[in-house]
Each structure stands twice: as structure tokens, then as C-alpha cells.
Amino acid sequence: MDKKDFSNLEDQIMSTVNNALKAVDFANLKKDINDKTEGTINQFKTKLNGYTSKYMNLNKKNKNDVSNYISKKPAGSKSGVVYIVFGSIGICFFGSSALGFLIFKLLLGSIAVVGSNVLFGTSLLFLAASVGLLVRGISLLKRVKRFKTYVRFINDNSYFLIQDLANFARQRKRFVVKDLSKMIEVGMFLEGHIDEEKTYFMLSDEVYNDYLNLKKQQIIEVVEEIDDEKLEEEIYNSEIEEVEGTIKIGRNYIEQIKNIRNELYKEEIAVKLDKLGDISNQILSQVEKNPNKIQEVNKFINHYLPITIKLINSYKDLNNQSVQGENIENAKIEIEKSIDLINNAFENLLDDLFEDVVLDVSTDISVLKTLFKQEGLVEDDFKK
């Protein structure tokens, strides 16, 4: 029998058994054995590639568009000056008044008019307000100055990393985020937006909408990727369960062969059954190490082993007959020959399972020979 041709194994076994059992008419050995359908699992699409940069696929706008989104008269450029002017005037006037009332009170003491205390308090109040105006004006002008710095950084970009802007302005990122938010609020950036992660600043509604669409698409792809991973995990678990279940069935058959062999230990067939059990165990062990080989041994486990169990059970029944006639002896001989045939086929199957191992070994040896030859380490090179 050809080493790789196992398709006629069943016919040969059944033909041999039928000839053996004609004498004793064991009808149970003539039953058909149905093949289980071997399921195949479709390959699923590969995972989607992630973005090389989280949001950097946003389209840049034309250079002339950028200026349309930046205020020509930023809030605070005029009001800041007004606040400073009025604050300074107020500080000078009300500061002088408060100082005058204080000197007047110190000189006259208790003789001072009662109303001077009210005027002194009022002067202090307006002085404080003037200081507030001055501070407010200075703050507004500083913000305008930072705004101009931000605009210089923006140049022709319609979006940028806030951290890069913070580095350019020599400010902390948290401060710059608050600063930009306030500038958007007061209309210094006409259509400015900051993303939810406080990572990017986008200058226009169009760019922001692009960002939202990209983020939405990214979320969809991530969800699909998670679903694919779950599906692949389920398929993998299913394959593992299939392999474990099939091997468990095979182990059960081998255990049955062992039990029958123990009952027939005095017979010549016991040696053949030992060999059969050993080969079957090696086949299953090889599948456990390489689960991808399960398809190659499905028929061995689900078809050939059950037929083999029926054969040796029939042998046991024949052997238990009190009268060992010629027909029974002939049937037993035929079954023993069948076991030899099965052992030979199973040996070939086991050898085929090591085909990949042999290929790997041959490849490794070939690589070593090539490397040794390149390094001048082979024997022929030394002789030269």
C-alpha cells in the first residue's frame, strides 16, 4: 500500500473481516460506518491598520484662509489701554486725596471734622477700584501680547499641537489651554476649537468637523477591530475544544484496545495490540504538540479506530467460543492479518505527521552548511 494512500484502508479491512466472518455469520461486523463531516473554518479579514498619528490626517487649508479665522482687533487691545489710563488717573487722584485726608486727620487729631472720615474711606474705595482697573488693563494687554505670539506660531497652519505652542510661548500646557479657551470665548479666534483630550487646537469649524469625522471613523474601526479579535478568540477556543474533544475520543478508543488486549494476553494477537496502542498513542501525542494536524488524523480517530475496536471485539468474542472450529480459527487469522495491515497504515500516518519536522531539520542543516562554507569551516576548505 502506498504510504500516503489511506483512502482504501477501510475497504481492505472490511473485505478481510467479511471473509473471516462468513463462517460464523457475525452480522454486527457488516454494518456501515458513516464518516463524520470534517468542518472547515473560514479565514477572516485581517485587522485594520491603526492611524500612524492620532489626528494628523486632518487636511490643511489654504494659506489665505488662516487669517480669516483670526481677529484683526483682538479683545483687550483698546479696552486694556483704557483701563490702564483710567486706572492710573484714579490712582493718582484718589491716592493723593486719601493721603491728604490722612495727613489732615493726623495733624488735627480729634478736632478733625467727622465728615473727613467718610471722605477718606471713599477715597480708599476709589483708589482700590483704580488699582483694579490698572491690573485689569495690564492683564488684557498681556493677553493681547500672548495672542500675537500664538498667531506667529500658527503661521499658515489650520491646526497644531497645544504642547508645541506651549513650548514656543514658554508657558505650561495647562495655562495655554485655559488661555486659548478664553481667547475663543471673547472672539479672538473666530472659529477656534480644542479637542476633548486637550491635545490639538483647530482654527476653523471645517477642520474641527474633519477631526470629529475622523474620530468617529476611528472609533468605528476600533470597535470593529475589537469584534474581530473577539471572533478570532472564539474561533481559536472552538478549535482548541475540537482538538481536545477529538483527542479525548481517541484516548478512550486506545483505552478500550488496552482492556481487550489484557483479556487476550495469552494470545499472539496481544503483541499486535500492544504495537497498535503504542502507535495510536504516538499519533495523538503528536497532534497534541501540533493541533494544526488535527484535520490529518480526524479520520484515524473518528473512523479507523472505531472499526479497529469492532475487529478486536469480534476477535475476543470468537476467542471466547468454547468450540474453536475451522471457521472460527480462519476468522481469527484474518483478523490478525487485518491488525497487521492497520498497524502498517498507522505507522505511515505517524511518519507523515513528522514531515514538517523533517523539512525544518533539513532547512536548518542547509543553512548551517551554507554559513560554515562562507566562514571557511567545512572540511573541503581546510584541505585546500
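Predicted model: local features only at pLDDT ≥ 70, side-chain atom pairs only at ≥ 80, totals over all residues.
Residues are numbered from 1 along each chain as its sequence is written, and local features need pLDDT of at least 70, while side-chain atom pairs count only at pLDDT 80 or more.

Student: How far apart are the end C-alpha atoms of helix α9 (residues 294–319)?

Tutor: Helices here are DSSP runs (H or I, at least four residues), numbered from the N terminus. The expected span is 1.5 Å times one less than the number of residues, so the 26 residues of α9 should span 38 Å. The value found in the model agrees with this, the end C-alpha atoms being apart by 35 Å.

Student: Is α9 largely enclosed or largely open?

Tutor: A residue counts as buried under 20% relative accessible area, as exposed over 50%, and as partly exposed in between (1.4 Å probe, protein chains only). Because 20 of the 26 residues of α9 are buried, the rest of the structure leaves this helix largely enclosed.

Student: What kind of aromatic pair do Phe-300 and Phe-346 form?

Tutor: Rings of Phe, Tyr and Trp (its six-membered ring) pair if their centres lie within 6.5 Å, with planes under 30 degrees apart counted as stacked, over 60 as edge-to-face and the rest as tilted. A search of the whole structure finds 9 such pairs. With 4.6 Å centre to centre and 80° between the planes, the pair of Phe-300 and Phe-346 is edge-to-face.

Student: Is Phe-86 buried or exposed?

Tutor: Phe-86 has its place in helix α3 (residues 79–108). Its relative accessible area is 53%, and therefore Phe-86 is exposed.

Methods:
Heavy atoms only, no water. Helix = DSSP H or I, 4+ residues; strand = E, 2+ residues; numbered from the N terminus.
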